[in-house]
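Open the model in your viewer and get ready to select a few residues. We will go stop by stop, and at each one you can check what is there.

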Amino acid sequence: MSFNDIFKSGFLENVTAVSLLDMVLAMVLAFGIGLFVYFVYKKTYAGVMYSSSFGVTLVALTMITTFVILAVTSNVVLSLGMVGALSIVRFRTAIKEPLDIAFLFWAIAAGIVLAAGLIPLAVFGSVMIGLIILIFANRKASVNPYIVVLRCDGKESENKATEYLKQQTQKCVVKSKTARKGIVELNMEIRLKEDDTDFINFLSDMDGIESAVLVSYNGDYMG
């Protein structure tokens with residue numbers, strides 16, 4: 001082996017596999033699209049507690065995916081090794097909001113498309129996805145649902161409270177009923193006729209009603 005053969009290394013040859021301009025351009029675009037994904041996530045979040053760390057994760061995930069795919073596309077052998085390495089990774093963080101899954105896939109897909117060199121598709125696709133999510137995620141239902149929790153002392157007060165609620169609301173459906181000695185607890189889904197919630201005060205003052213609680217409800221959580 002000669003002195004020059006020492007420097008003829010496959011590792012050193014991979015240094016120039018991806019040009020510096022391509023790397024800088026891909027990472028800058030990945031950062032920009034990641035910020036856009038983060039902005040859309042922050043504007044459309046409707047959960048109980050907003051997590052800023054998840055938003056930062058979306059930006060980082062876009063950039064990480066971009067440089068991983070850049071490495072894979074520049075070396076066939078590396079791509080095979082990367083598949084094996086990533087196959088042993090297990091993510092066990094619980095996804096609380098269904099829409100969060102869409103944001104994760106969006107960030108990953110944007111990074112892959114950018115690294116593949118399809119910049120117009122990455123930019124146009126991200127803008128379209130962001131606009132669609134902004135339009136539909138922020139659209140509120142015409143009539144917001146509520147849950148009424150009633151504690152009654154018997155059948156008579158239960159019937160009286162149910163009839164009163166049906167008169168004061170557009171819709172009143174019993175979701176669950178718990179009966180114990182001297183106590184009946186009802187969970188009912190209602191739709192209000194107006195934004196006025198004073199009826200819950202009159203309901204709590206009825207004879208036989210121990211308590212009446214009104215809770216906003218969106219199908220996923222109550223609060």
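Start by selecting Val123, Phe124, Val127, Met128, Leu131, Ile132, Ile135 and Phe136, which make a nonpolar surface patch of about 750 Å². Keep in mind as you look around that this is a predicted model.

Where does isoleucine 132 sit? Its place is in helix 6, which covers residues 119–137. Its relative accessibility is 43%, so isoleucine 132 counts as partly exposed.

Now turn to the charged side chains. Side chains of opposite charge can pair when their charged atoms come close. How many salt bridges does the structure hold? There are five salt bridges, and the next stops visit some of them.

Select glutamate 185 and arginine 151. These two form a salt bridge, with 3.3 Å between the closest N and O atoms. The pair links distant parts of the chain, 34 residues apart: glutamate 185 belongs to strand 3 (residues 183–192) and arginine 151 to strand 1 (residues 145–152). Glutamate 185 counts as partly exposed because its relative accessibility is 23%. Arginine 151 has a relative accessible area of 24%, so arginine 151 is partly exposed too.

Next, select glutamate 158 and lysine 177, whose side chains meet in a salt bridge at 3.0 Å, N to O. Glutamate 158 lies in helix 7 (residues 155–168) and lysine 177 in strand 2 (residues 169–180), so this pair ties together parts that are 19 residues apart in sequence. Is glutamate 158 buried or exposed? With a relative accessible area of 8%, glutamate 158 is buried, since buried means under 20%.

For another pair, select glutamate 189 and lysine 175. Their salt bridge has its closest N and O atoms 3.1 Å apart. Here, too, distant parts of the chain are linked: glutamate 189 is in strand 3 and lysine 175 in strand 2, 14 residues apart. Glutamate 189 counts as buried because its relative accessibility is 10%. Lysine 175, at 52% relative accessibility, counts as exposed, because the exposed class begins over 50%.

For the last stop, which residues do salt bridges with shared partners join into one network? Select Arg151, Glu185 and Glu210 together to see that network.

Note on methods:
Residues numbered from 1 in each chain as written. Predicted model: local features only at pLDDT ≥ 70, side-chain atom pairs only at ≥ 80, totals over all residues. Heavy atoms only, no water. Patch = residues over 30% accessible without salt bridge, like charges linked within 9 Å, V, L, I, M, F, W, Y side chains within 5 Å. Areas by Shrake-Rupley, 256 points an atom, 1.4 Å probe, with all protein chains shown as cover. Salt bridge = Lys/Arg side-chain N within 4 Å of Asp/Glu carboxyl O. Helix = DSSP H or I, 4+ residues; strand = E, 2+ residues; numbered from the N terminus. Buried < 20%, exposed > 50% of the residue type's maximum accessible area, 1.4 Å probe, protein only.
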